[in-house]
Amino acid sequence: MGKRIGAGKRGRSPGRTAVLLGAGALVTGMLAGCGTSSGLKINIYMSPEDNFQKVVDACNVKAAGKYEIVYNKLPRGADDQRLQMARRLAAGDSAMDILGLDVTWVSEFAEAGWAEEWTGQNKDEASQGVLQGPLDTATHNGKLYAATKNTNVQLLWYDDRVTPTPPKTWDEMMQKSQELKGQGKPYEIVFTGAQYEGLVVFYNTLVASLGGHILSDDGKSVVMDDGAVKALELLKKVSTSGLTDPSLSNMKEDDIRQAFQRGRAAFQLNWPYVYAAYAKDKKADLSHFKWAVYPEAQAGMPARTTIGGFDLAVSTYSQHKPEAFEAALCLRSPESQKISAINDGVPPSIESVYHNDVPLDPGKPASDDNPNMASKYPMRDAILAALKTAAVRPLTPAYQNASTVMSKVLSPPSDIDPQATAAKLREQLGDALQSKGVIP
């Protein structure tokens, strides 16, 4: 949030622009050796992702005719995706085999009995080498209900011609922004401030970075502790500082990306997809487009940036569960995650992929037509560092309700009264956990 990422889109990229020219030829060559199909189709339902079909094609080659994975694209809107799957699963639809779940939906789908638990060898393979934060998003009540397809985490993006070195803390960033404003240079600090999931993600990052909690670890009760109140104070401070965009309360991921690219902002807090977008739109300036881990909300405490991404669950109504588990494991294997990272800018959930510099076609040297992680994912070290201290959103089956409440109460950020807003959140989140007064 991510074309899915981030936040309003639940942590998925709003744009996937890096294009791999050689992968099509590679997959075509592999298909020539494919065996006779059994006629069995394994349906995956997932958000639109520009190059995910390449992953599907490669896994179908690997299946050698045992089954055919069919990619069914859901609507682009996150809420529409969730609603379509929920309605079909509530009706016991057996045509759905693999479910592409936003990381905030796993608990809900598991609690509803729609996602099959991962056990035994399937669980071991789905967990092997996965970073802890992403793995946490795939669990519910201590059990694994999905395999991590990809993760996501926001970084601080800047132009080294404007800011030669990135700020380490929020106070330092705001001070630098004020100096740039006085010099007539690009100065704005842009982030997702609209009334939607992006604002919730931003607030959750500040809360976690200040050592706070919105809900209890089991997601069953409201906490809203001192760290959560301090996060409201910081959100209020930056939103009323005169250092943000005048349209802050309406800005989503792509709005802030465009504001930065137009030269209005000095600092952009956004998902990694922005690198590929910048490479496409402003290639001549790409060498000056830099990144760093999120600034610290409190000096000396590493930021804990909120994770986005997707997990793959097997539907309890699938009539082909063994094949569905096998197919899901292929679709999120290290090889598949590498293809998605290079083509669509989707951060891997498996740590080893970040260190893998073998080009996509290992039989040929690395080139623009046969890229590796180093050439297409130069921000990988910063992403990996951010993931190792990352935070997850509250893991609760009632997350949709809680998110709806938080985005409403926090908007617009400039109207926040820290103590009063905290009290309102405590009350309304308590109702949300009981599904009172909220339409998800």
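The answer that follows starts at the interface and then turns to selected helices, loops and residue pairs.

Analyst: This is a predicted model, in which local features need pLDDT of at least 70 and side-chain atom pairs count only at pLDDT 80 or more, while totals for chains, interfaces and linings use all residues. Residues are numbered from 1 along each chain as its sequence is written, and side-chain values use heavy atoms, with hydrogens and water left out.

The domain assignment (automatic or from a database) gives domain 1 as 41–152 + 308–383 and domain 2 as 155–305 + 397–434. Their C-alpha centres are 28 Å apart. Domain 1 brings 17 residues to the contact and domain 2 brings 11, contact meaning heavy atoms within 4.5 Å. About 1,200 Å² is buried between the domains, and carbon and sulfur atoms account for 71% of that area; buried area is the accessible area (1.4 Å probe) that two parts lose on being put together, summed over both. On the side of domain 1, Thr-104, Met-379 and Ala-382 supply 37% of the area buried against domain 2, more than any other three residues.

The interface holds zero salt bridges, a salt bridge being a side-chain nitrogen of Lys or Arg within 4 Å of a carboxyl oxygen of Asp or Glu. One residue pair is in polar contact across it, both at pLDDT 80 or more. A polar contact is a pair of N or O atoms within 3.5 Å; within protein, one must be able to donate a hydrogen and the other to accept it, and residues adjacent in sequence count only if both atoms are side-chain atoms. The elements giving two or more residues to this side of domain 1 are α3 (78–90), α4 (106–111) and α16 (380–387), and α4 provides the largest share, three residues. Helices (H or I, at least four residues) and strands (E, at least two) are DSSP runs, numbered from the N terminus.

Because Arg-380 lies in α16 and Asp-357 in the loop between α14 and α15, the pair ties together parts 23 residues apart in sequence. Arg-380 is buried at 15% relative accessibility, whereas Asp-357 is partly exposed at 35%; buried means under 20% relative accessible area, exposed over 50%, and partly exposed in between (1.4 Å probe, protein chains only).

Helices α14 (351–354) and α15 (373–376) are among the elements against which the buried residues of α13 pack, as are α2 (52–63), β6 (147–152) and α12 (321–331). Nine of the 11 residues of α13 (residues 334–344) are buried, so this helix is largely enclosed by the rest of the structure. Just after α13, Gly-345 has a positive phi of about 70°.

Glu-326 in α12 and Lys-66 in the loop between α2 and β2 (68–73) are 260 residues apart. Ser-315 is found in the loop between β11 (308–314) and α12 and is buried, at 0% relative accessible area. A polar atom of the Ser-315 side chain lies 3.0 Å from the backbone nitrogen of Tyr-317.
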